[in-house]
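Subject: Handover of the model and notes on its features

Dear colleague,

I am passing on the structure that we discussed, and my notes follow below it. Please read them with the model open beside you.

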Amino acid sequence: MKEYESEYRMEPMIRKGGEKHPALREAARIEIGLRAFLDDGGFGGFTDTFENLHGLLQLPGIAVQRLMKDGYGFGAEGDWKMAAMLRVMKFMSSGLPGGNSFMEDYTYHLDPSGMRVLGAHMLEICASIAEGQPSCEIHPLSIGGKDAPARLVFNVPSGAAINVSVLDLGNRFRILVNEVEAVQPPEELPKLPTARVLWDPRPNLKVAAAAWILAGGAHHTCYSQNITADMIMDFAEMAGVEFLIIDENTNLPDFRNTLRWNEIYYHFAKGI
């Protein structure tokens, strides 16, 4: 509790003696329990799901955010592929400025003059990508049917980044990358009590979204401020995994052809 109060901004109602303080203590108990479970098992990553909380009084929010910052992989809703990829990316980025986080396309800004993506999640965005000091807050969560959970709320700095998705195609895995440019929200977001980042996908939202769908991209990703697409490509090469990129040079006819060529290659690569 002392760590929470020293590291994050808090309203009086969350601090000791406040009406929401017991909920924050419960979140701290969940974090301590998760850390013990991960340490005892020698685990480097984990998943959870709001549908199977069993004895937990609230969905883990701040606990997951802090564990990711400490290097654990995480995937929401049982997404073990993202948990594994995030763990890998945490190692890849050791010593580099910036951070890596579990991420999701949360909603879209469809203004024809500038289409953008708002990335977020209910609770679980890693504090390593935060701009400034996060705010520790407690708000109701309609999903899961549990008590209002504690979470860290923050914006993310502007700058180049990538979103990475891992796909299970049945006969192989595919790593899909979209290069993006994070931008500052043009307005405050008082009704979105989650960590969030606004970005321009490359080359633009229309082409990027179409290519993402064609490639089978999932709605969960790993967002990185310090790993490049070339680094992910090198990792995919070492791991023997298919790699696809959506960047400034992507056009849909060529992208479709790449998908077709890759399908043929991976069908014959192991021999007939």
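In what follows, buried means under 20% relative accessible area, exposed means over 50%, and partly exposed covers what lies in between, with a 1.4 Å probe and protein chains only. Glu77, at 32% relative accessibility, therefore counts as partly exposed.

This is a predicted model, in which local features need pLDDT of at least 70 and side-chain atom pairs count only at pLDDT 80 or more, while totals for chains, interfaces and linings use all residues. Residues are numbered from 1 along each chain as its sequence is written, and side-chain values use heavy atoms, with hydrogens and water left out.

Backbone points

Helices (H or I, at least four residues) and strands (E, at least two) are DSSP runs, numbered from the N terminus. Glu77 is found in the loop between strand 3 (73-76) and helix 4, and its phi is near 55°, a positive value in a residue other than glycine. His54 likewise has a positive phi, near 50°; this residue is found in the loop between strand 2 (45-48) and helix 3 and, at 68% relative accessibility, counts as exposed. Arg202 and Pro203 are joined by a cis peptide bond, with omega about 0°, and Pro203 lies in the loop between strand 10 (196-201) and helix 5 (205-214).

Helix packing

The axes of helix 2 (residues 21-41) and helix 3 (residues 62-69) come within 8 Å and cross at roughly 45°, where axes are lines fitted to C-alpha atoms, for helices over the stretch in contact, and angles run from 0 to 180 degrees between N-to-C directions. That makes helix 2 oblique to helix 3, given that angles under 35 degrees count as roughly parallel, over 145 as roughly antiparallel, 65 to 115 as roughly perpendicular and the rest as oblique. On the side of helix 2 the contact (heavy atoms within 4.5 Å) is made by Ala27, Ile30, Glu31, Leu34, Arg35 and Leu38, and on the side of helix 3 by Ile62, Ala63, Arg66 and Leu67. Helix 3 is mostly covered, with 7 of its 8 residues buried, and it is followed by Gly71, whose phi is positive, near 110°.

The axes of helix 4 and helix 6 (residues 229-239) come within 12 Å and cross at roughly 115°. Here Met85, Val88, Met89 and Met92 in helix 4 meet Met231, Ile232 and Phe235 in helix 6.

Aromatic rings

Rings of Phe, Tyr and Trp (its six-membered ring) pair if their centres lie within 6.5 Å, and planes under 30 degrees apart count as stacked, over 60 as edge-to-face and the rest as tilted. By this rule the count comes to 7 aromatic pairs. One of them, Tyr4 with Tyr8, is tilted, at 6.4 Å centre to centre and 45° between the planes, and both Tyr4 and Tyr8 are buried. Trp80 and Phe173 form an edge-to-face pair, at 6.3 Å centre to centre and 85° between the planes. Trp80 lies in helix 4 (residues 80-92) and Phe173 in strand 9 (residues 173-183), so the pair ties together parts that are 93 residues apart in sequence. Phe173 is partly exposed, with a relative accessible area of 36%. Ring pairs also link Phe46, Phe74 and Phe102 into a cluster.

With best wishes
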